[in-house]
Amino acid sequence: MSIIEIDNVSMRFNLSKERHESFKEYFLALAKGHLQFDEFYALKNVNLRVEPGDFYGLIGLNGSGKSTLLKVISGVYKPTTGTVKVNGTIAPLIELGAGFDMDLTARENIYLNGTVLGFTPKYIDSKFDEIVEFSELRDFLDVPLKNYSSGMVARIAFAIATITKPDILIADEILSVGDFLFQKKCEERMQHLMSGGTTVILVSHSIEQIERMCNKVAWLEHGQIKMDGDTETVCAAYKKTTK
Amino acid sequence: MASLKQSWKDFWRYRYLLQNLITRDFKLKYRRSVLGVAWSVLNPLLMCLVMYAIFTSIFAGMRGQNIDNFAVFLLVGQLLFNFFRESTTMAMESVLKNAPLLRKVYIPKYIFPLEKVCFGLVNCLFSFVALVLVMLITRTPLHLSFILCVYPLATLFFFCLGIGLFLSATYVFFRDVMHMWEVFCTALTYASAIFYDPEQMTGIVYHLIHLNPLYWYITAFRSCVLWGQGLTGLMVLVCGGCAVFSMAVGIFFFKRNQDRFVLYM
């Protein structure tokens, strides 16, 4: 059984030419018959099967629908048509630190973000030291997050999101933050999770990284899957067109 | 039935998030203030002192002759109305304010309005310390019926939650709602019998006040705490009925529109 089944998924956005943010504007436009939208398909009839244990890479140019696909999988977007079936728990690493409150300290944020991801406080208690250890920020625990650098925020966020062994890890270009030492550490952590049976979906613009880490790759173009299959074939074809 | 069970499971999984968000709000509210939490008692106390001064001097004639203990009378009205206004206003903005989060992680969206109404209730409970203080100072006799005040308070909570859900969903699509709600709340202040005796009114004003659910919540609460008369059947019916109706409309409207939220944030 596939761990993620994406069947015929389309995601439509209404790009309203003018945004109607007030009643007056809205009804005026409605009365004049101007209430029209440019329809835009961020995803069009996408089919994808991810098997347990896969390390799936998503590649494509900016605006090809990679992030939208990740958000559909993680349940942030509900697809306009089609179905998504996910058989397992998801740890989303889409733009790290989404659940952070910059006015709170790192310590308080670890608990807040942990519960955003659905962990219990007890569980976070037991993993607290591990998180701090991994992020190497013990000296800054009681400093409000607004005083952190973006790399430091990313460290904490990555550490929290990966303390559990999720069935599926979704990572959107997160590895581009942090210095090279930390990037290496993150890669190791993801490899480690994989050896424990976690399925990973990774978006990256670094084709070298994809080639190094993934066993399967899907190539998105204008919201459609242009090609998917094993890493070598897809990456070779992708590199050919971009050259 | 299955979907109800699923919703409950969903909610149960995120109960700690709810708890954490409330703690965060509470911490941030009083961070860097010298008196800290003491403000949640001082604030309503001082506010009511101002109102008390005004309505016993400048507008002394307005409140009617039949209020024995005006201080407690006023404080009850003020605290409950503040709970209503605060929680609904905060709930209204909550979904949109958390747009950055909702765009990235899956969280049940109703968590945010729910959290704000809970936070409002926590604030309200803290401010009851002020009420107890004033009751002690004015030597208000304590009747056993005061336990019953839990009923109007609990039903008011659900009344606020229903309205909060409705407003937060509307606010995602139309930002005008905030301004309208502000004006509406101000108008409602005068129609909720906070600082005058509603029984002295006649004609259409009398009927208008009795159509206002908040009048019922406040009066029921006063009846339990201040007058020692407990609840009448009509009070139980109106308070409960308004809560159920508000929740039904709120949940229906929120559920229908929540999948479209992310597209408008």
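Because the model is predicted, local features need pLDDT of at least 70 and side-chain atom pairs count only at pLDDT 80 or more, whereas totals for chains, interfaces and linings use all residues.

**Confidence**

Among the elements of chain B, helix α1 (residues 2-13) has the lowest mean pLDDT, 81, and helix α7 (residues 150-173) has the highest, 96. Helices here are DSSP runs of H or I with at least four residues, strands are runs of E with at least two, and both are numbered from the N terminus. For the complex, the predictor gives an ipTM of 0.75 and a pTM of 0.85.

**The interface**

Next, select the side of chain B that touches chain A, where 20 residues of chain B are in contact with 25 residues of chain A; contact requires that the C-beta atoms, placed from the backbone, lie within 7 Å. The elements of chain B that give two or more residues to this side are α2 (15-30), α5 (99-102) and α12 (261-264), and the largest share, five residues, comes from α2(B). By class, this side of chain B has 12 nonpolar residues, one polar and seven charged, where Ala, Val, Leu, Ile, Met, Phe, Trp, Tyr, Cys and Pro count as nonpolar, Asp, Glu, Lys and Arg as charged, and the others, Gly among them, as polar.

**The sheet of chain A**

Moving to chain A, select the six strands that form an open sheet of mixed pairing in the order β5-β6-β7-β3-β8-β9; two strands pair if DSSP finds at least two bridges between them. At the edges stand β5 (90-94) and β9 (224-230) of chain A, each with a single partner strand, so one side of each is left without a neighbour in the sheet. Neighbouring strands of this sheet are turned by 15 degrees against each other on average, direction ignored.

**Helix packing**

Two packed helices are described by the angle between their axes and the distance between the axes. Axes are lines fitted to C-alpha atoms, for helices over the stretch in contact, and angles run from 0 to 180 degrees between N-to-C directions.

Still in chain A, select helix α4 (residues 121-135) and helix α5 (residues 150-161), which pack at an angle of about 140 degrees with their axes 9 Å apart. The contact is made by A:Ile131, A:Phe134 and A:Ser135 of α4(A) and A:Arg155, A:Ile156, A:Ala159 and A:Ile160 of α5(A), a set that divides into five nonpolar, one polar and one charged.

Return to chain B for α7(B) and helix α11 (residues 233-257), which pack at about 25 degrees with their axes 7 Å apart. Residues of this contact include B:Phe158, B:Gly162 and B:Phe166 of α7(B) and B:Ala243, B:Gly250 and B:Phe254 of α11(B); by class, the contact has 17 nonpolar, six polar and no charged residues.

Finally, select helix α4 (residues 70-97) and helix α10 (residues 213-225) of chain B, whose axes come within 10 Å and cross at roughly 135 degrees. Here B:Phe73, B:Val76, B:Gly77, B:Leu80, B:Phe81 and B:Phe84 in α4(B) meet B:Leu214, B:Tyr217, B:Ile218, B:Phe221, B:Arg222 and B:Val225 in α10(B), and the contact has 10 nonpolar, one polar and one charged residues.

Methods
Residues are numbered from 1 along each chain as its sequence is written. Chains are lettered from A and ligands numbered from 1 in the order in which they are written. pLDDT is the predictor's confidence in each residue, from 0 to 100. Two residues are in contact if their C-beta atoms, placed from the backbone, lie within 7 Å.
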